[in-house]
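Please read this briefing alongside the sequence and the 3D view. It begins with the protein overall and then turns to selected helices and a loop.

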Amino acid sequence: LSSNRINLLDDQIISQIAAGEVIEGPSAVLKELCENSLDAGALSITVAIESGGKKLVKVADDGFGMSIDDLSAAFKRHSTSKIRSAEELSAISTLGFRGEALASIASVARVEAVSRETDTDSIEGNRISIEGGNILEISPAGSTTGTTVTVKDLFFNTPARKKFLKNDKSESRKCLLTFKSLCLSRSDVEFNYYSENRKLLNLPPQSLKDRISDVFGGDIIEGIIDVDFAEGDYRIFGYVSEKEHTKRTREFQYLYLNGRRISDRRLGASIYSAYSGMVAQGDFPFYFLFLEMDPSLVDVNVHPAKSEVRFRYENQVAGFARRAVQRSLGIESVMGGFNSGLQYRGNYTSQRQGGPSGAPGESAVLVGNKLTPEEYRLLINPPVSPGSREQELIDLTDENKLPGESVDRFIPENLFQLHNKYIIAQIKSGMVVFDQHAAHERILFEQTLNHLEAGKAPSQKLLFPHFLELSPGDSEIFEEMIPWLEKMGFAILASGPRLYQVETVPAGLKVSDEISMIRGMLEYYKENEEQREDNAERIAASFACKAAIKAGDSLTPEEMVGLIEALFRTGTSFACPHGRPTYIRIDMREFDRRFGRLT
Ligand SMILES: Nc1ncnc2c1ncn2[C@@H]1O[C@H](COP(=O)(O)OP(=O)(O)OP(=O)(O)O)[C@@H](O)[C@H]1O
Ligand SMILES: [Mg+2]
């Protein structure tokens, strides 16, 4: 006796399954309906929700509307006016294209749509009502031009899915967030929002900046910088936060591709990296960025809710976005062709002693704040008696050129090494504490990037060649690193299967064991494959991390001087390549406060 196990599912179940992917809750209904309105050329969209959208999501637009035939076709699966052929799928310029959203919604809710076309003489529109995928009625109905879709009782016929909805409050919050990101995508369109019969937002057509301010409140505008940058096939515009104006969450990071909000870890990381470790751990820049490119350069059909996309040239786009943000932040890359794009990587810092001490607004402990030229002068050259030789030297110096140029006037006696880990120096407003490892890491990172760019760095010959034997997997990765290592001053010869002979190392390298340092670099390189997009940066960071002096290394006064001077010659002196601060300032007020001297 044979039994057939495989059934063809009927359309209604197919739609419900599809709805499971596309419509995860009321906010997805809201998004799909508004996207349809925008695709229909609407210039005004009004949204109303009740009970967090579970009971009702209603979207009314003044778009071009639908004929009676279109109205009934619109709710069938795979019915769309937006593409006709597979070729068109490769260059989508509308928000919708699958012909799936309305059918999915109608299969799991009670839906009514009323629509009237703009370009007909008819003074009436039509109405359709559908419940759980079954058409109940199609009839003429009085209507203004445009379309209104009302979705009631979401998941009424799929109780299992209904159970997964959150309480009204949090569904309501999700709806509002979804609505806000739609509002930002088109500031030229009027948007209105009602929740539980209360008007929450009324946004006239306006500039992007005004839209941001109306949606998120005026203070957010205070700390933003304009971005508008085009290169090759790409353009990006919008706003990013100044490095001093960060948020404690990623909530305010809005990235759009051709008008569609997307989430993209890689792009998010490049934008973050543009801040070159200038933001402390746990702080995030905020941004509203609009990336535009020819639709054929991106595949938007890779995610059920279309919130992720696949770029044809991902690296290009990531590099472009980072450069655009860097330029807007006014960061000159000291590395010329290379960017100082640095990323904070949680796993790395957590191994260490806790990362930066996140200092709240009013605190006198300043993390990663640049020293002013005057503070720098006082740091390297504390107060001297008038008329002395030192004073003459100071007078000769152009203030603005100070950091980086007054190399030979450092006074070692003013430095103190604490537990072979931190270096303490006095400045006018209090003191500066350097993290010797982080500082050295920053220096080596930039030096190495320079060498990688320039080609060949000075090297020193080892007394005896050292040997490195690697596993098959590791040796494959190591081979990838060798050309970079040679530019840095290493000479490495293959001298057997997976056996390498190291003959020279970068000049000035001071480590007790070159081979274990190289192994460390390899490990670092492997671990950070995801995070660091640029191979040169990954190599430079791995070297910086492994070759830098460690906590526990005792330094002579001259070494401390050299370290601090070299640090201030780097482009981003206040943060190590991982975004940890290289120094912190502690204000005299902090001491005064703690000693009870403040009145
Ligand atoms: N508000 C609207 N105004 C005018 N036409 C609409 C509106 N909403 C839907 N339509 C029509 O109904 C069709 C089906 O809409 P639906 O959202 O199901 O699919 P889509 O937008 O084409 O693709 P996707 O499933 O990717 O959203 C659309 O292609 C469009 O022609
Ligand atoms: Mg659609």
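Helices (H or I, at least four residues) and strands (E, at least two) are DSSP runs, numbered from the N terminus. On that basis the protein has 20 helices and 25 strands. This is a predicted model, in which local features need pLDDT of at least 70 and side-chain atom pairs count only at pLDDT 80 or more, whereas totals for chains, interfaces and linings use all residues. Residues are numbered from 1 along each chain as its sequence is written, chains are lettered from A and ligands numbered from 1 in the order in which they are written, and side-chain values use heavy atoms, with hydrogens and water left out.

**Overall**

- Of the 599 residues in the protein, 50% are buried, where buried means under 20% relative accessible area, exposed means over 50%, and partly exposed lies in between (1.4 Å probe, protein chains only).
- The protein exposes about 28,700 Å², of which carbon and sulfur atoms supply 50%; accessible areas come from the Shrake-Rupley method with a 1.4 Å probe, and for residues only the protein chains shown count as cover.
- Among contacts (heavy atoms within 4.5 Å) with a separation of 6 or more, 70% join residues 24 or more positions apart.

- Helix α16 (residues 472-488) and helix α17 (residues 514-527) have axes that come within 11 Å and cross at roughly 110°; axes are lines fitted to C-alpha atoms, for helices over the stretch in contact, and angles run from 0 to 180 degrees between N-to-C directions.
- That angle makes α16 roughly perpendicular to α17, given that angles under 35 degrees count as roughly parallel, over 145 as roughly antiparallel, 65 to 115 as roughly perpendicular and the rest as oblique.
- In this pair, Asp-474, Ile-477, Phe-478, Glu-480, Met-481, Leu-485 and Met-488 of α16 meet Ile-518, Met-521, Leu-522, Glu-523, Tyr-525 and Lys-526 of α17.
- The residues of that contact divide into nine nonpolar, no polar and four charged, with Ala, Val, Leu, Ile, Met, Phe, Trp, Tyr, Cys and Pro counted as nonpolar, Asp, Glu, Lys and Arg as charged, and the others, Gly among them, as polar.
- The axes of α16 and helix α18 (residues 535-547) also come within 11 Å, crossing at roughly 65°, and these two helices are therefore roughly perpendicular to each other.
- Here Glu-480, Met-481, Trp-484 and Met-488 in α16 meet Asn-535, Ala-536, Arg-538, Ile-539 and Phe-543 in α18, a contact with six nonpolar, one polar and two charged residues.

**Helix α17 with α18**

- Helices α17 and α18 pack with their axes 9 Å apart and at an angle of about 135°, which makes α17 oblique to α18.
- From α17, Met-517, Gly-520, Met-521, Tyr-524 and Tyr-525 take part, meeting α18 residues that include Asn-535, Arg-538, Ile-539 and Phe-543.
- By class, the contact of α17 with α18 comprises nine nonpolar, three polar and two charged residues.

- In helix α8 (residues 208-216), the buried residues are Leu-208, Arg-211, Ile-212, Ser-213, Val-215 and Phe-216, and the helix is followed by Gly-217, whose phi is positive, near 95°.
- Thr-158 lies in the loop between β6 (146-152) and α6 (159-162), and its relative accessibility is 12%, so Thr-158 counts as buried.
- Apart from neighbours within four places in sequence, Thr-158 is in contact with Gln-16 and Val-108.
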